[in-house]
Amino acid sequence: MSREKTATEAGDVMVRSPPGRGRARVSHAVVVIFLEFFAWGLLTTPMLAVLHETFPQHTFLINGLVHGVKGFLSFLSAPLIGALSDIWGRKSFLLMTVFFTCAPIPFMRISPWWYFALISVSGIFAVTFSVIFAYVADITEEHERSTAYGLVSATFAASLVTSPAIGAYLSNRYDDSLVVLVATVIAVADIAFVFFVVPESLPDKMRLTSWGFPISWEQADPFASLRRVGKDPTVLLICVTVFLSYLPEAGQYSSFFLYLKQVIEFSPAAIAAFIAMVGILSIVAQTLLLSLLMRTIGNKNTVLLGLGFQLFQLAWYGFGSEPWMMWAAGTVAAMSSITFPAVSALVSHSASPDQQGVVQGMITGIRGLCNGLGPALYGFIFFLFNVELNDLGPMAGRTTQNTEKSVIPGPPFLFGACAVLFALFVAIFIPDRHQLADVKTCSARKSSSNPTTHAQSANPLATPTSDAEDIEPLLQDSSM
């Protein structure tokens, strides 16, 4: 009996439904993503307090190492989990990734040391977005995937815009314990939703019925894509640009909100409002502004403009010492979010259809590596320049002390600006139009293991799905 194609309710797209079981819908993926990241977003304010209380000395260094280990473990494990989910099905691996990603939440109040240890090792399984987008690829037609991925990405952004503000309100009105409790309940609800409600998306005939390890090392090797970078000059230029621009971005995600609270002295409410402002402006920039720029100045010039915004933003963060400077730089940061979608579109137009997955995989591998290196590098630079947190709460004499201490309040951000300056220089040499050389994969892979390719081939202006995984829940939320 062939699979029937049915129309879903409003908000869903057309899905292929195997007979004899509940239909998998895009709405299932949307709910899973929203609950997971909403739970972590609530912990923005408690996280800042617990981090400083647990590591009063070298707070930035420890924060960078924790999230650096987590990001590097995610980079190592993502290809293996993706390949196994192609064989054994999505639901079991979705349940596993959601469970282990949310497992550290209750330990914030039980044992902070265990909490940070679990955050580090959870990187092995914290690849929810990889499985989610494979799930969406299973249930949508190729021409519908851009819309479906956009819906999932918008849900991710919406959860981050609203949850930090709610968490800050509950923390101020009651206490941090209630925030942790609410986040734990939401995480448990997410796990229960996956277990009881979410159906399997991979058809039975595509799944392996017996246990084994029917995948090659090439499929599970996270460095496979990186080894193919130098085979084409254009690919090399693009990957160097991505590495130099995303390395400071990944480090910024891990430490910036801690920096706002403890060095610039933002209140929890101000941090929540800052996150909301940047999130909303980023959504506008990646939709309306990006489309307009692509049509008017082209892909390459849009990349250069985005890098220019990022350079200006990081330099302002590095030299800025007043709250109003951070707010102004935040608007520029939102504009810089057009860079990676523009890079993806540039690659999509340059590569032939059968090479899209290979080239996008190289770029994704570079960004995954940056998720491990960036946080550790930022933490180490804070440590080198002796940027420490002397007090948890704002004090009258602290502002004067910090102002007199250094002309550059945020040395890592200035380092990031220098890296982006080099990225801007490299990007100038990327050709506008170029047919990439024939870069073959080392082994054949199922199309479902590369859902990003289909989305970007269908709509090169869409935000790449791999980018969402690169700023994965813990890397962004737990670092705040």
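Start at the surface, where Phe380, Phe383, Leu384 and Phe385 make up a nonpolar patch with about 410 Å² of accessible area between them. Patch members have over 30% relative accessible area and no salt bridge, with nonpolar side chains (Val, Leu, Ile, Met, Phe, Trp, Tyr) joined within 5 Å and like charges within 9 Å. The areas themselves come from the Shrake-Rupley method with a 1.4 Å probe, and for residues only the protein chains shown count as cover.

Before going on, note that this is a predicted model, in which local features need pLDDT of at least 70 and side-chain atom pairs count only at pLDDT 80 or more, while totals for chains, interfaces and linings use all residues. Residues are numbered from 1 along each chain as its sequence is written, and side-chain values use heavy atoms, leaving out hydrogens and water.

Phe385 sits in the loop between α17 (356–384) and α18 (398–405). Helix labels here are DSSP runs (H or I, at least four residues; strands are E, at least two), numbered from the N terminus. With a relative accessible area of 54%, Phe385 is exposed. For burial, the cut-offs are under 20% relative accessible area for buried, over 50% for exposed, and anything in between for partly exposed, with a 1.4 Å probe and protein chains only.

Now for the helix packing. Two packed helices are described by the angle between their axes and the distance between the axes. Axes are lines fitted to C-alpha atoms, for helices over the stretch in contact, and angles run from 0 to 180 degrees between N-to-C directions. Helix α13 (residues 268–296) and helix α15 (residues 323–335) have axes that come within 7 Å and cross at roughly 30 degrees, so α13 and α15 are roughly parallel to each other. For α12 and α13, the axes come within 10 Å with a crossing of roughly 140 degrees, which makes α12 and α13 oblique to each other.

The phi of Glu265 is near 70 degrees, a positive value in a residue other than glycine. At 23% relative accessibility, Glu265 is partly exposed.

Next, the charges. Side chains of opposite charge can pair when their charged atoms come close. A salt bridge here needs a side-chain nitrogen of Lys or Arg within 4 Å of a carboxyl oxygen of Asp or Glu, and by that rule the count is one. Asp138 pairs with Arg90, with their closest N and O atoms 2.6 Å apart. The pair ties together distant parts of the chain, with Asp138 in helix α7 (residues 128–139) and Arg90 in helix α4 (residues 90–102), 48 residues apart. Asp138 and Arg90 are both buried.

Finally, here are some pairs set apart in sequence, with their C-alpha separations.

| Pair | Apart in sequence | C-alpha to C-alpha |
|---|---|---|
| Phe193 and Val31 | 162 residues | 8.5 Å |
| Glu200 and Lys91 | 109 residues | 5.3 Å |
| Lys300 and Asp432 | 132 residues | 6.0 Å |
| Phe243 and Ile366 | 123 residues | 6.0 Å |

As for where these residues sit, Phe193 belongs to helix α9 (residues 176–196) and is buried at a relative accessible area of 18%. Glu200 is in the loop between α9 and α10 (217–220), and at 11% relative accessibility Glu200 is buried. Lys300 is part of helix α14 (residues 299–319) and, at 14% relative accessibility, counts as buried. Phe243 lies in helix α12, and its 25% relative accessibility makes Phe243 partly exposed.

Definitions and conventions. Angles under 35 degrees count as roughly parallel, over 145 as roughly antiparallel, 65 to 115 as roughly perpendicular and the rest as oblique.
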